[in-house]
Amino acid sequence: MKVVLSNQSELPIYAQIREQIKEQISNGQIAEGTLLPSIRQLAKDLGISVITTTRAYRELESGGYIASVQGKGSIVLKRDNKVIREQYRRQMEEHLDAAIEASKKLDMTDEELVEALQVLQKQHRR
């Protein structure tokens with residue numbers, strides 16, 4: 001697991017940690033079942049407060065990415081977890097809403113919008 005903190009980021013430190021771990025779990029860099037560093041160890045490694053790492057882990061747990069196991073620490077949950085899937089679905093719908101609003105400003109037909117989506121989908125499959 002690699003976490004790089006930036007003082008230049010608009011995100012607070014706990015959110016930087018949360019987002020980087022979430023991304024690594026989502027793209028498979030951190031496999032399901034992986035035991036994450038303890039809260040104290042991560043805080044020490046990053047040179048930050050235990051309170052900060054605790055908040056990041058708590059939010060990852062509430063988001064369905066990790067689970068705290070008594071006596072073991074925090075473990076990565078399955079990527080096909082329903083909670084994670086639903087979060088991505090909501091995010092996708094928000095982006096599609098924005099695309100629909102932009103298509104209205106361009107006076108695109110429904111067919112043109114669907115065609116644009118299909119073209120982009122094909123590009124991303126390559």
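**Entry 1: a charged patch.** Before looking, I noted that Asp and Glu count as negative, Lys and Arg as positive. With that in hand, I searched the surface of this predicted model and found a patch of negative charge where D110, E111, E112 and E115 gather. I then looked up one of them, E111, and placed it in helix α5, which covers residues 110-125. Is E111 buried or exposed? Its relative accessible area is 59%, so I wrote it down as exposed.

**Entry 2: the whole chain.** Next I stepped back to see the overall layout. I counted 5 helices and 2 strands in the protein chain. Reading from the N terminus, I get the order α-α-α-β-β-α-α. The radius of gyration is 19 Å, well over the 14 Å that the globule rule gives for 126 residues, so the chain is more spread out than a compact globule. I also took the span of the C-alpha trace along its principal axes, and it comes to about 55 × 30 × 25 Å. Of the 126 residues, 22% count as buried.

**Entry 3: a buried alanine.** I picked A15, which sits in helix α1 (residues 13-26). Its relative accessibility is 3%, and because buried means under 20%, A15 belongs in that class. I checked its C-alpha atom against that of V3, which is 12 residues away along the chain, and found 11 Å between them.

**Entry 4: salt bridges.** How many salt bridges does a search of the whole structure find? I get 6. I followed R18, whose side chain meets that of E19 in a salt bridge at 2.9 Å, N to O. R18 counts as buried at 17% relative accessibility, while E19 is partly exposed at 29%. R18 also forms a salt bridge with E59, and here the closest N and O atoms are 2.3 Å apart. R18 is in helix α1 and E59 in helix α3 (residues 50-62), so this pair ties together parts that lie 41 residues apart in sequence.

From E59, partly exposed at 25%, I moved on to R55, its partner in another salt bridge with closest N and O atoms 3.3 Å apart. These two are 4 residues apart in helix α3, which means about one helical turn separates them. I noted R55 as partly exposed, at 37%. Putting the links together, I have a network of salt bridges that joins R18, E19, K22, R55 and E59.

**Entry 5: a nonpolar patch.** Last, I looked for nonpolar surface and found a patch of about 250 Å² made by M92, L96 and L117. M92 is in helix α4, residues 82-105, and is partly exposed with a relative accessible area of 41%.

Methods:
Residues are numbered from 1 along each chain as its sequence is written. This is a predicted model: local features need pLDDT of at least 70, side-chain atom pairs count only at pLDDT 80 or more; totals for chains, interfaces and linings use all residues. Side-chain values use heavy atoms; hydrogens and water are left out. Patches are made of residues with over 30% relative accessible area and no salt bridge: like charges are joined within 9 Å, nonpolar side chains (Val, Leu, Ile, Met, Phe, Trp, Tyr) within 5 Å. Accessible areas come from the Shrake-Rupley method with a 1.4 Å probe; for residues, only the protein chains shown count as cover. A salt bridge is a side-chain nitrogen of Lys or Arg within 4 Å of a carboxyl oxygen of Asp or Glu. The place of a charge is taken as NZ of Lys, CZ of Arg, CG of Asp or CD of Glu. Buried means under 20% relative accessible area, exposed over 50%, partly exposed in between (1.4 Å probe, protein chains only). The radius of gyration is taken over C-alpha atoms; the globule rule is 2.2 Å times the number of residues to the power 0.38.
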